[in-house]
Amino acid sequence: MRPPLLEARDLTLRFGGLVALDGVDLTLGHSEILCIIGPNGAGKSTLFNLISGIYRPQRGSVRLEGQDITWLPAHRIAAAGVVRTFQTSRLFNDLTLVDNVVIGMHSRTRTGVLTALLQPRAARRELNTAARRAGELIRSLSEDLYERRNTLAGALPQADRRRLEIARALASDPKMVMLDEPSSGMDDRDTDRLIADIRRIMAQRPGLSFVIIEHDMRLVGAIPERVMVLDYGRKIAEGCYADIRVMPRVQEAYLGQKAAHA
Ligand SMILES: Nc1ncnc2c1ncn2[C@@H]1O[C@H](COP(=O)(O)OP(=O)(O)OP(=O)(O)O)[C@@H](O)[C@H]1O
Ligand SMILES: [Mg+2]
């Protein structure tokens, strides 16, 4: 039987006396979308940091298509097809949109420093090809971003920064993309555009899977097939959105209200 795309088991991490993540399991299939919700400090970003190799678990394991990736360095995990965006924007403000996306391709471009020095023409050719591919990728996401592809990323409004970060994450042709609160800093109109973007990406790339940390319940209700709820580092519920949203424990934990359903 084909193993799931990603299988995390019993992930546990403490910071001093604080248990940021406590025995969390996560399974993600091919072409699947999973949303993670939960209050501030629930351990959502910590889960991404463990899967992407930025933090190391004190217990537990992560497998990608059956291969143990728990202890691989972060760049090898990214090269294996597991990419992510960060909760706070991490674009290079002094680079153009295209160059920001080219940086996302680096695990797939072959030219090293030595080649660049010894064969500058070959290096330039490869860079030109990368820039063209980056432009096409931006265009597939958004015509209006494409028109601004040679302007500096620092001049982009917040919503477009988040969209460009998604383009950069896609640049290495990953197997799965983890988005950490992609709608943060967006108004309702921008969030609707984000939902449309994600749907378009899914249609363009069948087989690609997503894990999305999200607090905007419109996005949670509109996109994923499955929702996982974290609270105080523990998984307290998992299932389809319709079932999750009415669970008293979820309403208590997520909406911060006691018996909000009453
Ligand atoms: N590097 C760190 N050092 C110490 N404590 C940390 C570190 N990273 C996270 N924590 C703590 O671990 C807990 C979980 O943090 P995490 O960032 O995963 O929460 P989150 O669910 O992403 O919250 P938010 O919705 O605010 O982004 C929090 O109490 C946080 O303060
Ligand atoms: Mg977070």
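The expected span of a helix is taken as 1.5 Å times one less than its number of residues. In this predicted model, helix α5 covers residues 120-141, and its 22 residues should therefore span 32 Å. The C-alpha atoms at its ends lie 31 Å apart, in agreement with that expectation. Several residues of α5 are buried, namely Ala123, Glu126, Ala130, Ala134, Gly135, Leu137, Ile138 and Leu141. An α-helix has 3.6 residues a turn, so residues three or four places apart point the same way.

A magnesium ion, ligand 2, is coordinated by the OG atom of Ser45 and the OE1 atom of Gln87, at 2.1 to 2.2 Å. Ser45 belongs to helix α1 (residues 44-51), whereas Gln87 is found in the loop between β6 (82-84) and α3 (97-104); the pair therefore ties together parts that are 42 residues apart in sequence.

Two packed helices are described by the angle between their axes and the distance between the axes. The axes of α3 and helix α7 (residues 158-170) come within 7 Å and cross at roughly 40 degrees, and the crossing of α3 past α7 is right-handed. On the α3 side the contact involves Leu97, Asn100, Val101 and Gly104, which meet Leu164, Ala167 and Arg168 of α7. By class, four residues in this contact are nonpolar, two are polar and one is charged.

Technical notes:
Residues numbered from 1 in each chain as written. Chains lettered and ligands numbered in written order. Predicted model: local features only at pLDDT ≥ 70, side-chain atom pairs only at ≥ 80, totals over all residues. Heavy atoms only, no water. Helix = DSSP H or I, 4+ residues; strand = E, 2+ residues; numbered from the N terminus. Buried < 20%, exposed > 50% of the residue type's maximum accessible area, 1.4 Å probe, protein only. Donors = N, O, S within 2.8 Å, 3.2 Å for Na, K, Ca; no water. Axes fitted to C-alpha atoms, helices over the stretch in contact; angles between N-to-C directions. Left-handed = near helix turned anticlockwise from the far one by under 90°. Contact = heavy atoms within 4.5 Å. Nonpolar A, V, L, I, M, F, W, Y, C, P; charged D, E, K, R; others polar.
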